[in-house]
Amino acid sequence: SSPLFSIITPTFNRLELAREAIASVAAQTDRDFELIVVDDGSEPATRRELQKLADEQEFKLLLEENGGPG
C-alpha cells in the first residue's frame with residue numbers, strides 16, 4: 001500500500017545538513033511515510049555519499065541536473 005504521506009528534502013552540496021535531515025526523519029515514530037531526497041546537481045562526491053545513504057536507509061534519491069536559482 002502507499003504511504004500516508006511523503007517527505008521531500010531538496011539538497012545541493014550540503015551533505016552534512018542532508019544527513020541531519022535524513023536522521024531526523026528516520027527517528028520519527030510514525031513510520032507510514034516515504035522519504036524522497038532530491039539532489040539538485042551536487043558535486044560527484046556528495047552524490048556518491050547520498051547514494052550510499054539511500055542504499056543503507058532505504059529512501060528514494062532523485063539525482064537532477066542543477067536547475068539554478070529558484
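Three strands come together as an open sheet, ordered 1-2-3, with parallel pairing. Strand 1 and strand 3 (60-64) sit at the edges, each pairing on one side only. From one strand to the next, the twist averages 20 degrees. For the bookkeeping: strands (E, at least two residues) and helices (H or I, at least four) are DSSP runs, numbered from the N terminus, and two strands pair if DSSP finds at least two bridges between them. Axes are lines fitted to C-alpha atoms, for helices over the stretch in contact, with angles from 0 to 180 degrees between N-to-C directions.

This is a predicted model, so local features need pLDDT of at least 70 and side-chain atom pairs count only at pLDDT 80 or more, while totals for chains, interfaces and linings use all residues. Residues are numbered from 1 along each chain as its sequence is written, and side-chain values use heavy atoms, with hydrogens and water left out.

## Strands 1 and 2

Seven bridges join strand 1 and strand 2 in the parallel sense. Two of the pairings to look up: Ile 7 has Leu 35 of strand 2 as its bridge partner, and Thr 9 stands opposite Val 37 in strand 2. Strand 2 is mostly covered, with six of its eight residues buried; buried means under 20% relative accessible area, exposed over 50%, and partly exposed in between (1.4 Å probe, protein chains only).

Thr 11 belongs to strand 1 (residues 5-11). Thr 11 counts as buried because its relative accessible area is 9%. Leaving aside neighbours within four places in sequence, Thr 11 is in contact with Ala 18, Val 37, Val 38, Asp 39, Asp 40, Ser 42 and Leu 50, where contact means heavy atoms within 4.5 Å.

Asp 39 lies in strand 2. With a relative accessibility of 0%, Asp 39 is buried. Beyond its neighbours within four places in sequence, Asp 39 is in contact with Thr 11, Arg 47, Leu 50, Leu 62, Leu 63 and Glu 64.

## The helices

Helix 1 lies across strand 1 and strand 2, and runs at about 175 degrees to strand 2. Helix 2 (residues 44-57) packs on the sheet and touches strand 1, strand 2 and strand 3; its direction makes about 160 degrees with that of strand 3.

Apart from neighbours within four places in sequence, Thr 46 is in contact with Asn 13 and Leu 15. Leu 53 is in helix 2 too, and at 11% relative accessibility Leu 53 is buried. From Leu 53 to Ile 22 the C-alpha distance is 8.8 Å, at a sequence separation of 31 residues. Not counting residues up to four places away in sequence, Leu 53 touches Arg 19, Ile 22, Glu 58 and Phe 59.

## Two loop residues with positive phi

Most residues other than glycine have a negative phi. Asn 13, not a glycine, has a positive phi of about 55 degrees. Asn 13 sits in the loop between strand 1 and helix 1, and is partly exposed at 28% relative accessibility.

Glu 58 also has a positive phi of about 55 degrees without being a glycine. Glu 58 is in the loop between helix 2 and strand 3. Its relative accessibility is 73%, so Glu 58 counts as exposed.

## The largest pocket

The largest pocket has a volume of about 160 Å³. Its lining is made up of Ile 22, Val 25, Ala 26, Arg 31, Phe 33, Glu 34, Leu 35, Gln 57, Glu 58 and Phe 59. Helix 1 (15-26) and strand 2 (33-40) are the elements that give two or more residues to this lining. By type, the lining residues divide into six nonpolar, one polar and three charged; Ala, Val, Leu, Ile, Met, Phe, Trp, Tyr, Cys and Pro count as nonpolar, Asp, Glu, Lys and Arg as charged, and the others, Gly among them, as polar.

On a 1 Å grid over the protein atoms alone, a pocket is an open set of points where a 1.4 Å probe fits, with protein on both sides within 12 Å along at least five of seven lines; lining residues have an atom within 4 Å of a point. Grid points are joined across faces, edges and corners, and a volume is the space filled by probe spheres set on the points.
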